[in-house]
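The sequence and the model come first, and the discussion follows.

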Amino acid sequence: MIVPGSSSQLLAAALADDTGRPLATATYDRFPDGETIAAVPAFDGDEATVVATTDSDSAWVELLQLQDAVREAGATHVTTVIPYMGYARQDESFADGQPVSARAMARAISTGTDRVVLVNPHETAVTDFYSVPVDIVDAASVLADPLSALTDPLFLAPDEGAIGIAETVRDAYGTGETDYFEKHRDRETGAVDVSPSDATVSGRDVVVVDDIVATGSTMSEAVGVLTDRGAERIVAACVHPMLAANAVTKLRNAGVDRIVGTDTIERGCSVVSVAPALAETLVADAVAGE
Ligand code: R5P
């Protein structure tokens with residue numbers, strides 16, 4: 001049984017199709033005092049896969065409730081798929097008195113599941129915070145699917161940490177150079193500046209690839225440099241299109257022609273799905289567990 005969180009209903013449905021498993025009609029309500037109450041209907045079988053992106057604090061609460069609800073409904077084996085793991089970027093204590101938030105979230109999630117599946121977490125080391133087995137699905141290659149007929153393409157990471165994901169998309173596209181910018185983020189203000197590489201971009205199509213676009217500061221700074229240097233078309237591609245606040249406008253004003261994201265966070269630009277990659281992992285886990 002696939003059990004969707006409220007923010008992952010399209011992805012959960014695609015996953016149900018791809019795995020042949022039934023899709024539960026979960027419900028998401030609130031009590032008058034504002035507390036969340038998520039629930040699942042009774043179902044046959046003893047296995048449940050909760051699919052819930054955690055792109056907000058309420059999504060975390062809902063996920064914990066769904067994990068508990070499926071146990072109440074009779075599941076004895078629970079898999080938790082977190083397509084986008086929020087708080088993963090808080091993977092250390094950045095100042096005295098601050099928590100390691102990713103660890104706190106992982107500990108809570110581990111109490112209600114037998115297994116966790118994450119899609120392109122910001123740092124793979126977050127898996128160490130879980131006390132149950134964790135699979136990581138690298139779904140970045142799917143970002144190449146909507147790209148067509150690029151002119152002398154350059155796949156550019158806006159910081160060094162994203163070079164691997166840029167190479168994955170280039171490899172899936174089949175041709176093109178890769179490069180990266182140096183990034184500096186002011187921890188106080190959140191302001192980002194990038195130091196350009198020497199890559200020639202004039203007249204070329206550039207695909208800027210990152211794991212996540214959150215405020216859009218990183219991506220729009222990189223895109224601004226590319227626009228100034230005469231790039232032909234600029235595509236902003238990311239696995240997790242958080243696109244918080246005015247990120248879309250920032251990207252457009254910087255010169256982005258197209259935003260391409262997956263459905264780990266369901267947005268208007270989520271034109272490709274991570275469901276096939278997730279289905280492969282879930283089916284392999286099921287076979288291994290037999
Ligand atoms: C940082 O290492 C990440 O890969 C992203 O570049 C960053 O988290 C994006 O955040 P924002 O959109 O707020 O600049």
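This is a predicted model: local features need pLDDT of at least 70, side-chain atom pairs count only at pLDDT 80 or more; totals for chains, interfaces and linings use all residues.

A residue is called buried when its relative accessible area is under 20%, exposed when it is over 50%, and partly exposed in between.

**Aromatic pairs**

The structure holds 2 aromatic pairs. In one of them Trp 60 and Tyr 87 are tilted against each other, with 6.3 Å from centre to centre and 55° between the planes. Because Trp 60 belongs to helix H2 (residues 57–72) while Tyr 87 sits in the loop between strand E5 (77–82) and helix H3 (101–110), the pair ties together parts that are 27 residues apart in sequence. Trp 60 counts as buried, because its relative accessibility is 5%, whereas Tyr 87 has a relative accessibility of 26% and therefore counts as partly exposed.

Phe 155 and Tyr 173 also form a tilted aromatic pair, for which the centres are 5.7 Å apart and the planes make an angle of 50°. This pair links distant parts of the chain, since Phe 155 is in strand E8 (residues 154–157) and Tyr 173 is in helix H4 (residues 163–173), 18 residues apart. Phe 155 has a relative accessible area of 0% and is therefore buried.

**Salt bridges**

| Salt bridge | Closest N and O atoms |
|---|---|
| Asp 135 with Arg 115 | 3.1 Å |
| Asp 152 with Arg 204 | 3.3 Å |
| Arg 170 with Asp 171 | 2.8 Å |

With a relative accessible area of 17%, Asp 135 is buried, while Arg 115, with a relative accessible area of 22%, is partly exposed.

For the salt bridge between Asp 152 and Arg 204, the linked parts of the chain are distant, with Asp 152 in the loop between E7 and E8 and Arg 204 in the loop between E11 and strand E12 (206–212), 52 residues apart. Here Asp 152 is partly exposed, with a relative accessible area of 48%, and Arg 204 is buried, with a relative accessible area of 6%.

Salt bridges that share partners also join Arg 115, Asp 135 and Asp 285 into one network.

**Surface and loops**

Which residues form a negative surface patch? The patch is made up of Asp 186, Glu 188, Asp 193 and Glu 221. One of these residues, Asp 186, is placed in the loop between strand E10 (182–185) and strand E11 (192–195), and its relative accessibility of 32% is why Asp 186 counts as partly exposed.

Another loop position is that of Ala 244, which lies between strand E13 (234–240) and helix H6 (247–254). Ala 244 has a relative accessibility of 28% and so counts as partly exposed. Along the chain, Ala 244 and Ala 104 are 140 residues apart, and their C-alpha atoms are separated by 23 Å.

How values were computed. Residues are numbered from 1 along each chain as its sequence is written. Side-chain values use heavy atoms; hydrogens and water are left out. Patches are made of residues with over 30% relative accessible area and no salt bridge: like charges are joined within 9 Å, nonpolar side chains (Val, Leu, Ile, Met, Phe, Trp, Tyr) within 5 Å. Accessible areas come from the Shrake-Rupley method with a 1.4 Å probe; for residues, only the protein chains shown count as cover. A salt bridge is a side-chain nitrogen of Lys or Arg within 4 Å of a carboxyl oxygen of Asp or Glu. Lys and Arg count as positive and Asp and Glu as negative; His and the chain ends are not counted. The place of a charge is taken as NZ of Lys, CZ of Arg, CG of Asp or CD of Glu. Helices (H or I, at least four residues) and strands (E, at least two) are DSSP runs, numbered from the N terminus. Buried means under 20% relative accessible area, exposed over 50%, partly exposed in between (1.4 Å probe, protein chains only). Rings of Phe, Tyr and Trp (its six-membered ring) pair if their centres lie within 6.5 Å; planes under 30 degrees apart count as stacked, over 60 as edge-to-face and the rest as tilted.
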